[in-house]
Amino acid sequence: MIFFAGLCAALIPLLALLHMRKPRYLTRRVSAARFFDEVTAAENIQTQWRWTNPLKSPPFVMQALCLLLISAALVSEDKVWYTVDEPGDLHLWVWIDTSSSMATQVDGTIMLDLARAALRENRDALAQQQRRPILHLTAFDLEQRDLGHNLSPAQFETAVAALKPRPLGTDLSLPMRSRERDEGRLQGADPLVLVISDLPAPTWVRTDPNARLVWHDVGDAVANHGFSEVRAVANPFLGGQPLIEIAVHRFGAPTEVRLDLKARNDAFHDNLPIRFQADRGTYLFTPPKPGVYELTLVPEDAYGADNQVVIAVQDDAEFVVDWRHPDRTWLDQLGWQNQTDHAAFTVLAPHQSADADRQRPRLIIGPGFQPGETRIDWFREGSPLLDQVNLDVAETLRALPAPDLPPLFPVLADSNGVPWVGRHDAPTTVYLAGFPTGVGDQARLTTLLWFNAVQTLLSKGNANPLFTRTRIDAATVETNLPPFRLDLHPGEGRTWLPPQSHGRERLTATDTPTTIQRSVLWWPWLLGAALVFFALERVLAVIGGPAWR
Amino acid sequence: MRLPWRRRAVAPPPTATAAIDLQPLPQADRWLHQFHLDARRRLRSNAQGGHLTRRRGESLAFREFTPYQPGDDIRAVDWRVSARFGEDHEPLVRRFEAEQPLHLVVSVDMRASMWYPQAMPKIQIALWLAEALARLTCRQRDQFVLHQLGADTRQVFTVRSRRAADTLVERFRAVTPNADAVDQSLADLARHLPPTAVWLIIGDFYQEAGRLERTLADLWRRGARKHLWRMLIDLNAWPLERAHVGHGARRLLGPGQTQTQPLFQVDAAVLDAVEARIAAHKQALLKPFRLSPQDATTWFWPENAPQDGAYDWFRHQFRQDPLLKRLFMR
């Protein structure tokens with residue numbers, strides 16, 4: 001820039017020189033001009049340089065000023081002329097819960113309407129801060145849906161008004177994960193995240209007291225009863241008649257709840273009261289025949305999504321697996337039937353996980369165990385995968401690391417971070433470091449781990465499920481045709497929890513300056529002045545013609 | 001967009017007519033009242049007008065006695081005078097002058113050189129001269145005819161009233177010089193030149209000798225054979241232009257010339273040579289007219305344009321011009 005500024009300044013003396021160029025001759029208009037045609041022409045007298053003060057020439061002054069101003073603009077590229085205080089921006093990133101429980105009836109309205117009212121209340125609080133809110137809106141349930149960034153108030157209102165509850169559960173960790181992932185995404189600003197949900201603030205909200213996050217729990221204690229779980233508890237591994245365990249919860253004032261059991265083909269109908277102990281009731285139901293059964297809790301209550309279940313009881317209890325692991329020793333020893341269709345789960349190696357059916361439970365078997373001492377550094381207490389496991393014996397073996405292992409939650413891992421046992425949901429996946437091996441306690445340990453894993457995969461009802469739950473990619477309820485897809489997500493019916501918000505005082509806090517200083521640079525003004533002088537000189541030149549010089 | 005240090009490309013000079021703001025003869029013209037046209041010429045009979053001719057007619061002005069001829073009105077015989085000549089002499093008949101209107105025809109060269117010099121255009125002086133003569137003519141109920149030589153519009157106009165005389169300036173302003181319209185111009189003019197006409201040509205005679213000049217000279221000579229009263233006023237602005245050109249390096253632009261004209265180093269010798277060339281050109285141009293000294297006069301421009309305008313200079317010239325003196329009866 002300095003070079004170009006110097007170049008512009010150097011043009012000024014050149015301009016002055018050009019202004020000193022004058023014609024050497026005079027022009028005369030006479031009627032007798034044609035009688036000069038026999039006079040010898042003298043063409044060597046066209047122009048001459050004549051010393052004149054260029055400052056007396058207004059065009060020169062304007063042109064020189066123009067160049068000077070351009071030079072100054074180039075030099076003062078970063079120079080600040082003055083600063084002005086302007087209202088600071090407040091990036092408010094609103095997360096609204098649209099899970100199934102937001103449809104819970106409260107005093108004639110639904111929970112999502114309470115969320116909208118809370119949003120208006122929070123915006124009023126922000127309006128008193130004399131900061132310019134820049135709004136971002138995200139809806140969340142099991143997935144995060146960004147509905148727009150940098151929204152105007154009208155756009156924001158329209159987007160909020162269009163929100164509806166969806167028959168999905170709630171992933172309360174989504175705001176946290178998104179915040180970690182999206183740091184600095186919003187124009188480099190650190191937005192204030194406002195989460196509006198009917199669920200209490202999770203514990204992770206409190207882990208970082210400096211986090212600019214507000215959790216507004218708009219929920220209220222609402223009485224509710226509903227199905228907690230409906231699953232097949234008979235072990236298909238052993239064969240026999242199916243057995244259905246029905247778990248029901250009740251929140252709020254004790255009420256009489258009855259279970260209505262009905263086969264869809266009207267071949268069976270039963271109605272019985274639920275006996276609650278500590279607001280939980282369990283009933284074992286043996287379907288007389290395979291088929292479709294409708295389970296309904298009466299009476300209706302505020303949250304209706306957990307009051308009805310439709311299940312499909314399979315007529316074939318034969319146990320088959322989809323064995324894809326290259327080591328087929330245990331398949332032969334157990335005598336399991338290997339079949340892709342109607343398999344209870346898939347057995348595979350870590351590197352095969354990408355090819356397997358994404359809806360079917362998996363048992364991933366690692367590279368195996370080796371004798372040797374190790375130290376167990378992590379285990380998940382109470383996990384059924386570690387049921388009856390002696391960890392002292394485990395420290396006499398060493399699990400080999402699996403290089404192609406997909407992401408898992410470790411259940412048992414050594415000090416080097418090598419997992420022995422891990423699990424994952426969607427689909428239900430269990431990882432074992434290896435097939436049963438060794439002798440004595442080591443053989444008993446690894447065999448126990450094997451059957452714990454198999455039992456976990458089977459006992460969760462993952463094998464031939466009675467129904468499925470709505471998912472992100474299938475967010476609609478299906479009760480007409482199997483496989484049935486129900487809006488029965490754990491925790492959605494827990495409506496009796498008292499409201500527990502977090503950090504609402506941040507909405508009115510003044511921890512960020514209400515004004516920001518905006519610097520006004522010199523160069524645009526200098527350039528603008530140069531343009532004005534240039535335009536003025538051109539206009540006067542057009543009006544005045546050569547005489548203007 | 002042109003660069004700031006470049007001179008604007010010079011456009012062709014504006015048309016001469018557009019550059020000059022012609023001024024009419026002032027209405028306060030009491031000084032004109034001292035002039036009266038005295039155009040005694042041989043005119044045809046059986047016409048009436050403000051001027052007497054030597055043609056015998058029926059006016060009250062006695063002209064001569066002539067011998068009686070068969071057909072003469074017997075009442076015109078002057079018996080007293082006839083008796084003085086004796087009985088053997090034919091009776092003498094009293095003859096009177098005939099009355100015919102005067103046709104004052106003024107041809108003004110409208111071509112481009114007449115619109116120079118800008119300080120004192122020749123066309124302005126020609127306009128004033130034409131207007132003055134028109135007013136005098138119309139005041140005496142004679143006929144004034146304006147002929148615009150080298151104009152692209154209608155070239156011949158008859159003026160019969162003072163009001164029409166005052167519109168001559170508009171006819172001058174409306175002119176666009178066009179040397180190609182010559183033939184029709186002179187054909188029209190010939191119809192307005194009866195033997196009783198007085199024909200005055202006003203011009204600068206700077207043009208090349210072309211068909212116009214040849215035709216004009218031919219018409220001039222034919223007028224001589226009809227004993228037409230012809231006058232020619234040469235408007236010579238060279239003294240003013242010579243002073244305007246001065247000495248030094250000059251680019252001289254004439255009618256229709258642009259900045260591409262060559263440059264000259266002008267001094268007194270060059271100006272003398274040009275002056276001699278102009279004189280030679282005029283002499284050659286007017287030679288076919290066979291002018292006698294009493295037919296032509298030259299109005300030389302002053303070296304400096306009068307500060308108070310050219311009107312006083314024009315009035316002075318009008319009063320002093322010998323041709324006009326012969327035309328006027330004071």
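Predicted model: local features only at pLDDT ≥ 70, side-chain atom pairs only at ≥ 80, totals over all residues.

Tutor: Let's start with a neighbour: strand β6 of chain B (residues 197-203) runs parallel to β7(B), and six bridges join the two. To get your bearings on that side, find Ile201(B), which stands opposite Leu232(B) in β7(B). If you follow the chain from one strand to the other, you pass through helix α7 of chain B (residues 211-225), and β6(B), α7(B) and β7(B) together make a right-handed β-α-β unit.

Now for β7(B) itself, residues 229-236. Eight of its eight residues are buried, so the strand is largely enclosed by the rest of the structure. In a regular strand, side chains alternate between the two faces of the sheet. Here both faces of β7(B) are covered. One side carries Trp229(B), Met231(B), Ile233(B) and Leu235(B), while the other carries Arg230(B), Leu232(B), Asp234(B) and Asn236(B), and every one of these residues is buried. Notice that Arg230(B) and Asp234(B) are among the buried ones.

β7(B) also pairs with strand β10 of chain B (residues 296-300): the two run parallel and are joined by five bridges. A handy landmark there is Asn236(B), which stands opposite Phe300(B) in β10(B).

A search of the whole structure turns up 34 aromatic pairs over all chains.

Back in chain B, Trp299(B) and Trp313(B) form an edge-to-face pair, with 6.3 Å from centre to centre and 85° between the planes. Trp299(B) lies in β10(B) and Trp313(B) in helix α10 of chain B (residues 311-320), so the pair ties together parts that are 14 residues apart in sequence. Both Trp299(B) and Trp313(B) are buried. They also belong to one aromatic cluster, whose other members are Trp31(B), Phe35(B), Trp128(B), Trp301(B), Tyr311(B), Phe314(B) and Phe318(B).

While you're in the viewer, a few backbone spots deserve a click. In chain B, the peptide bond from Tyr116(B) to Pro117(B) is cis, with omega near -15°, and Pro117(B) is found in the loop between β3 (103-109) and α3 (122-139). Chain A has a cis peptide bond joining Val298(A) and Pro299(A), with omega about 5°; Pro299(A) is found in the loop between β17 (291-298) and β18 (308-313).

Then look at Asp266(A), which has a positive phi of about 60° although it is not a glycine. This residue lies in the loop between β14 (258-263) and β15 (269-273) of chain A, and it is exposed, with a relative accessible area of 62%. Asp279(A) likewise has a positive phi of about 60° without being a glycine. Its place is the loop between β15 and β16 (280-285) of chain A, where Asp279(A) is partly exposed at 32%.

Definitions and conventions:
Residues numbered from 1 in each chain as written. Chains lettered and ligands numbered in written order. Heavy atoms only, no water. Buried < 20%, exposed > 50% of the residue type's maximum accessible area, 1.4 Å probe, protein only. Helix = DSSP H or I, 4+ residues; strand = E, 2+ residues; numbered from the N terminus. Pairing = 2+ DSSP bridges. Right-handed = clockwise from strand over helix to strand, strands pointing away. Phe/Tyr/Trp six-rings, centres within 6.5 Å; stacked < 30°, edge-to-face > 60°.
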